[in-house]
Amino acid sequence: MRTTVRDVIAALTAPAGQLAQTVDELLFGDPETVVTGIVTAFMPTQQVLEEARAAGMNLVIAHEGPFFSHHAAFAKSIGEDPVFRAKKNFILEAGLAVYRLHDHIHRYRPDGIAEGLMEALDWTRFSVRHLPAAAIIERDPTTVRAVADELKRRLGLPAVRVAGDPGAPCRRIGLLVGNRGGGANAIPLFEQERLDLVVCGEGPEWEAPEYARDAARQGRARAVIMIGHAESEAPGMRLLAKRLAAAFPRIPVRCAAEEPVFTWL
């Protein structure tokens, strides 16, 4: 049975339905192309694209876009940049289809990216309540430091960034993937949800982290842990690969394993 790029896209978007506005689109490739293999990835990096071609897998499904901006139009402003041109030419010459899956997977119920992170952390065993931009977890009593150690161990991270008192008690956690760790999202949750800790991908350093520092100075047990944007969202793309493998059992599917973008020196 033939499975086309269009068939896979239909399966990806169906759980969320039609969205009025979205950055999700087939950036490269023909929707009628027969799929020989699927690679999911947080970012369609040069390495991911090269490995997909080498493996004979012609559909790359990435959470973020290939050209260093949330908005595809940014590519027009760097059209003469040699890195941009080389990457674009590689995609075209390799005959790869590249589909960006950002908004739809965040609108799965529950959020497919947050669900992947909770599965990787084994936090689905706790009491979880899903909000549009966060998951609220109530777990056994622990400390902020212990949660940081758990994050590093389960996600294979060399370090995480902690704002607030690492020794503070922790029971209620807000989980905000990607760039949802900005103050407008994170700070109100502390009071509204009686949180002890926010675990997020990233956000402006002068917002929620500074709030946590002031809270600790005032003797309030409120802390923030930032694990990194990719580190918080890549598990969701691993979970997606598992689901695609089940949905399309005749097609090879894998999730790309990319090294962290930053090197700790």
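**Exercise 1. Which residues lie nearest the centre of the second largest pocket, and how many residues line the second largest pocket?**

The model is predicted, so some limits come first: local features need pLDDT of at least 70, side-chain atom pairs count only at pLDDT 80 or more, and totals for chains, interfaces and linings use all residues. Residues are numbered from 1 along each chain as its sequence is written, and side-chain values use heavy atoms, with hydrogens and water left out.

Step 1. On a 1 Å grid over the protein atoms alone, a pocket is an open set of points with protein on both sides within 12 Å along at least five of seven lines, a cavity is a set where a 1.4 Å probe fits but cannot get out, and lining residues have an atom within 4 Å of a point. Grid points are joined across faces, edges and corners, and a volume is the space filled by probe spheres set on the points.

Step 2. Read the lining. It comprises 17 residues, and Leu27, Pro66, Phe67, Ala72 and Ala75 lie nearest the centre. The space in this second largest pocket is about 240 Å³.

Step 3. Assign elements. Helices (H or I, at least four residues) and strands (E, at least two) are DSSP runs, numbered from the N terminus. S1, helix H3 (74-77) and helix H4 (82-94) each give two or more residues to the lining of the second largest pocket; S1 gives the most, three.

Step 4. Sort by class. Ala, Val, Leu, Ile, Met, Phe, Trp, Tyr, Cys and Pro count as nonpolar, Asp, Glu, Lys and Arg as charged, and the others, Gly among them, as polar. The lining of the second largest pocket then has nine nonpolar, five polar and three charged residues.

**Exercise 2. Describe the open sheet of five strands.**

Step 1. Two strands pair if DSSP finds at least two bridges between them. The order is S1-S4-S3-S2-S11, and the pairing is mixed.

Step 2. From one strand to the next, the twist averages 25 degrees. Axes are lines fitted to C-alpha atoms, for helices over the stretch in contact, and angles run from 0 to 180 degrees between N-to-C directions.

Step 3. Inside the sheet, S2 (residues 38-41) and S3 (residues 59-62) pair in the parallel sense over four bridges, with isoleucine 38 opposite leucine 59.

Step 4. Helix H10 (residues 229-247) packs on the sheet and touches S2, S3 and S11, its direction making about 175 degrees with that of S11. Contact here means heavy atoms within 4.5 Å.

**Exercise 3. Find the largest cavity and state what lines it.**

Step 1. The count comes to one cavity of 30 Å³ or more; the largest cavity has a volume of about 40 Å³.

Step 2. Its lining consists of Asp111, Ala114, His130, Leu131, Pro132, Ala133, Ala134, Ala135, Leu175 and Arg180. By class, seven are nonpolar, one is polar and two are charged.

Step 3. S5 (residues 127-130) and S6 (residues 135-143) run antiparallel, joined by four bridges, and a hairpin connects S5 to S6 through four residues. Alanine 135 stands opposite leucine 175 in S8.
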